[in-house]
Amino acid sequence: MAVRVMNGTAVFRCCVVSPPLSAVRCCLHQQKSVVQCHSSSRFSISRRLHYRLVSFGCGRVSISRYSTQSLVDFVVEELESLRKRGRVRAANKLELKIGEEILENKLGKQVLQKGLLLEFRKDPERVLLAVAQKPDGKKNWVVSDQNGVMTSIKPQQITFIVPGITNFDHAEISNFIQKAQDNLDPALLEFAWIELVEKNKSTTVEGLAEMIFGSVEPLECYSAYLLLSRDDVYFTVMETKGSNSVYGPRPAVQVEELTQRKHAKEAVEREFEEFVNLLKSARDMPLHAKPPKSTWISDEKNQKKILSLKAYAIDDCRSDEEKKTAGTILKAMGLSKTSSAAVNLLTAVGYFPVHVNLDLLKLNIRTDHREEIIAAADRLLSESADLDEVDRINLTHLKVYAIDVDEADELDDALSATSLQDGRIKIWIHVADPTRLVQPGSMVDKEAMKRGTSVFLPTATYPMFPERLAMEGMSLKQGEHCKAVTVSVVLHSDGGIAEYSVENSIIKPTYMLTYESATELLHLNLEEEAELRLLSEAAALRFQWRRGQGAIDTSTLETRIKVTNPDDPEPSITLYVENQSDPAMRLVSEMMILCGEVMATFGSLNNIPLPYRGQPQSNIDSSAFAHLPEGPVRSSALVKTMRAAEMDFRKPIRHGTLGLPGYVQFTSPIRRYMDFLAHYQVKAFLRGDTPPFSAGQLEVMASMVNMTTRVVRKLSSSSLRYWIIEYLRRQPKEKRFSALVLRFIKDRVASILLLEVGVQSSAWVSIGVHVGDEVKVQVEEAHPRDDVLSCKEAPGL
């Protein structure tokens, strides 16, 4: 039966044979009262619906003024009635038994021959239509796809042979596929399922084509096959022979469950598609218009996906599901499934800044302090009593110099000096006293131990202690009374230690100097700054004394970088290159080493468990490098001969590189937890108490702290190098840099030190250039993200 509406009048045409189901694709156009059927449909519906409408056999009946909307409502109502009755009947267990003879009749036997149209599996994710051309060996066949590409396939690759075709032209494949796609309406499959459930019957591709399209022509058969092959709800394959299958309707309960799953899956797919569209939209936006990072994590559904991408980018996926989600997103964006592709995508959408520090994310370094730690630190500032107050000596009369880099936020140490009547120099090394505020085992102490050290990067500083506690309660401050632990030392005329003391003190720092300003004051040799000159003289004595004890001078160039607004695509970079042998830097380093020697001697004399550091003497005599120029060239060679550092927690061990019988790091308790531990031990002894930690406990704690500090050291090094390379990337290509040849790697390829930036690279240099020579080079490539820096010798002017 077909339905047509012309000028508001419904016309019904009846047929004797049972019609197909394709009439359900009728749709109502509201502006014109016309019920249109799909162009490929035959205008009829099942016999039951037909007899409900008219009971006239063959012929035609005209019903005047029949409402189009009423007609459509009636058709929809009847179809819903069919669906409900079908589901009720299907609730009973289906028992579809197929005998061998029936199976043979249904499946038949197809022999592959030239001209047949077939579908084959190209790869796990693709199937193609092709025309069989000729045999290829005993079993394989050569086929030609829609693009004329010839492929040899195995029989197992064939998924379907389109029936009724004997000599198909491969040029018509695209048109054939399009027509088949136009025929696909999943709703037809549901009504066919209802019909077959009621009759407790199975079907084949041809049977389904006859049922829903009223034809078993090749196009209709292939359309039916596509519906069945893509269906995962209504039908299941009962038997397969070759490329043909028998399909049976599933039970209603199973269909209901699968339908719910399908709807849930479709909802997830829509959600995923929306997310991918958001990514594409953000990717195509200009930099200033990209959505902020917070927008990606404010929505819970998007948060999970963006965090999966982030985990993939830093190789930190915690589950297979997270990895799969990220891979699916990358594929949907047309990208390869690599961590670098994920980084580039997150950068392109604005989630990552252009210069994101991937190592900081990968290494899971602690940056911010938790709220409970900050609250506990704030309480310490107001509640902590100074247990050593009565024992502190007043040294506020001394002129005190605090010398550090200009961006230092927390100051751990300061220096004083005077000349004694017998001509010897007395030095005071004042160290901040943070353990007066923090008790061993407290919440703040445990957090500091987990961090191990403050983290200093070109882009930011992440302090070991909460900032307010470190700055207001622990750090030395210019012009204010500050509590400290002071190590005083009187030197022999040759630089050896004549006498020393370790005491709690109160000091008043006079000057806060940068290394540059301290060096300038030393060059000016002002009479009113005689104490600074005495410190420099003491440092020179100490350096010569240590050299006499076998110390190795490893001073070289040290680079510092400060990056302003690091989240900007083009942040401001300020670069400093400092020579470690400069007077001010030599002064400070020698005084810190002196303090370390005194603390090792003090700990040994009083049997205090401390983190004693040492380094075995190199097997190679340093005199073997005497022919190399002093400075970076010789230092670079000597460093390669050094042996691994060691620690002991019961007694001092020799530090061959420093030329000392023992050494304890003590001068940075706000920045380094091992120094902080040494303060706990020494301060307890000064009070007459038993040190809080035994040698065994110190060893366990040190192993954890040292593991963290190695990670931080790696992060600091990689971050510094990244920004040095980024700095060089921005320089004009023609710019020439002075470079020092450190050694030859192979043939004329030399390891060089760029003097203006303090970074090592390599370059091919001309014949006649020797180790220690200075050459001019140009930067060929500079890619900070890939850690690529290559140079070439600049041509002569």
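Predicted model: local features only at pLDDT ≥ 70, side-chain atom pairs only at ≥ 80, totals over all residues.
In which strand does Met150 lie?

**Figure 1. Met150 in strand S9.** Strand S9 spans residues 150–153, and Met150 lies in this strand. With a relative accessible area of 49%, Met150 is partly exposed; the cut-off for exposed is over 50%. Apart from neighbours within four places in sequence, Met150 is in contact with Gln133, Val142, Val143 and Ser144. Val131 is 19 residues from Met150 along the chain, and the C-alpha atoms of these two residues are separated by 9.5 Å.

**Figure 2. The chain as a whole, for orientation.** The secondary structure comes to 22 helices and 30 strands. The chain has 797 residues, of which 46% count as buried. Among contacts between residues at least 6 apart in sequence, 68% join residues at least 24 apart.

**Figure 3. Helix H7, residues 218–230.** H7 has 13 residues and reaches 18 Å from its first C-alpha to its last, close to the 18 Å expected at 1.5 Å a residue. The helix is mostly covered, with 10 of its 13 residues buried. The buried residues of H7 are Pro218, Glu220, Cys221, Tyr222, Ser223, Ala224, Tyr225, Leu226, Leu227 and Leu228.

**Figure 4. The loop between helices H13 and H14.** Asn364 is found in this loop, with H13 (358–362) on one end and H14 (371–383) on the other. Asn364 is not a glycine, yet has a positive phi of about 55°. Its relative accessible area is 62%, and Asn364 is therefore exposed, the cut-off being over 50%.

Figure 5. Which residues of H17 are buried? They are Tyr515, Ala518, Thr519 and Leu522. These four cover an arc of only 100° around the axis, which puts them on the same side of H17. An α-helix has 3.6 residues a turn, so residues three or four places apart point the same way. On the other side of H17, Glu520 and Leu524 are exposed. The buried residues of H17 pack against two helices, H18 (530–548) and H19 (583–605), and against strands S14 (401–404), S21 (511–514) and S23 (572–579).

**Figure 6. The contact of H17 with H18.** The axes of H17 and H18 come within 10 Å and cross at roughly 100°. Angles of 65 to 115 degrees count as roughly perpendicular, and H17 and H18 are therefore roughly perpendicular to each other. From H17, Ala518, Leu521 and Leu522 meet Leu532, Arg533 and Ser536 of H18. By type, the residues of this contact divide into four nonpolar, one polar and one charged. Ala518 and Leu522 are also among the buried residues of H17.

Figure 7. Although Asn525 is not a glycine, its phi is positive, at about 55°. Asn525 counts as partly exposed, at 45% relative accessibility.

**Figure 8. Helix H21, residues 673–687.** How many of the 15 residues of H21 are buried? The count is 12 of the 15, so H21 is largely enclosed by the rest of the structure. H21 reaches 21 Å from its first C-alpha to its last, close to the 21 Å expected at 1.5 Å a residue. The buried residues are Tyr673, Met674, Asp675, Phe676, Leu677, Ala678, His679, Tyr680, Gln681, Val682, Lys683 and Ala684. Just after H21, Gly688 takes a positive phi of about 90°.

**Figure 9. Glu726 in helix H22.** H22 runs over residues 695–729, and Glu726 has its place in this helix. Is Glu726 buried or exposed? Its relative accessible area is 2%, and Glu726 is therefore buried, the cut-off being under 20%. Leaving out residues up to four places away in sequence, Glu726 touches His355, Ile573 and Pro784.

Key. Residues numbered from 1 in each chain as written. Heavy atoms only, no water. Expected span 1.5 Å × (residues − 1). Buried < 20%, exposed > 50% of the residue type's maximum accessible area, 1.4 Å probe, protein only. Arc of directions from axis to C-beta. Contact = heavy atoms within 4.5 Å. Axes fitted to C-alpha atoms, helices over the stretch in contact; angles between N-to-C directions. Parallel < 35°, antiparallel > 145°, perpendicular 65-115°, else oblique. Nonpolar A, V, L, I, M, F, W, Y, C, P; charged D, E, K, R; others polar.
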